[in-house]
Amino acid sequence: MPSETDTIAVAIDLMGNKDLPEIMAIEKDSFVSPWSERMFLDELKLKHSQRLVARLSQGKNSIIGGYLIFWIVADEAHLHNLAVKKEFRRQGLAQGFMNVMKEIAHQAGAKSQTLEVRESNTEAIKLYRKCGFVVKGKRPLYYTDTQEDALIMWAGV
Ligand SMILES: CC(C)(COP(=O)(O)OP(=O)(O)OC[C@H]1O[C@@H](n2cnc3c(N)ncnc32)[C@H](O)[C@@H]1OP(=O)(O)O)[C@@H](O)C(=O)NCCC(=O)NCCS
């Protein structure tokens, strides 16, 4: 029978400077052109930026399973960064983050949500479609590292 210490508890919490070492490890493992630590530090100072982490606790141990950064500007929520640690993928964490973004956007009076995603990122596109996003347009050569287009996706709140 599983004991209490086998159970993993998930809590969505605010991101802090102390989380950056773990976040940087996930970031580097997740993206071709990861954000630098300086970019996260700058983001942590912005008033209109919402920064969340998923804390996974088992017994007394707690680690970061993923994070989400988005802005609410005027009546729009704009997703800026989302990643889940490889070993915890496909367990609904990203979908949970997207639900939280929608809820916060709703509470803030936003009317829509938008994001850019690499055309080749089929996993993320599937996730966003599952969360109600549709493709609204393309930004040609948006990603200068791979000369790739971005799909612009949009959803209501
Ligand atoms: C994209 C990413 C955030 C998804 O995180 P996740 O926690 O594994 O996603 P979820 O478990 O919440 O998946 C929700 C749905 O998204 C889709 N999806 C997610 N990962 C998928 C994959 N590898 N293959 C196919 N569909 C996938 C599925 O529809 C899934 O639902 P299902 O498991 O019931 O089929 C994660 O793969 C990641 O961190 N990738 C690298 C960083 C990145 O690309 N971020 C997005 C930048 S725009």
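View 1. The strands S3 and S4 pair in the antiparallel sense over eight bridges; two strands count as paired if DSSP finds at least two bridges between them. Strands (E, at least two residues) and helices (H or I, at least four) are DSSP runs, numbered from the N terminus. Two residues lie between S3 and S4 in their hairpin, and Ala 74 in the turn has a positive phi of about 55 degrees. Residues are numbered from 1 along each chain as its sequence is written. As the model is predicted, local features need pLDDT of at least 70 and side-chain atom pairs count only at pLDDT 80 or more, whereas totals for chains, interfaces and linings use all residues.

**View 2. The S2–S3 hairpin.** Ten bridges, written 10 in the count, join S2 and S3 in the antiparallel sense. Val 53 stands opposite Tyr 67 in S3. The hairpin has two residues between the strands, and Gly 59 takes a positive phi near 60 degrees.

View 3. Seven strands form an open, mixed sheet in the order S1-S2-S3-S4-S5-S7-S6. Strand S1 (9-14) and strand S6 (134-143) are the edge strands, each pairing on one side only.

View 4. S1 pairs with strand S2 (residues 49-58) in the antiparallel sense over six bridges. Within this pair, Ala 9 stands opposite Ser 57 in S2.
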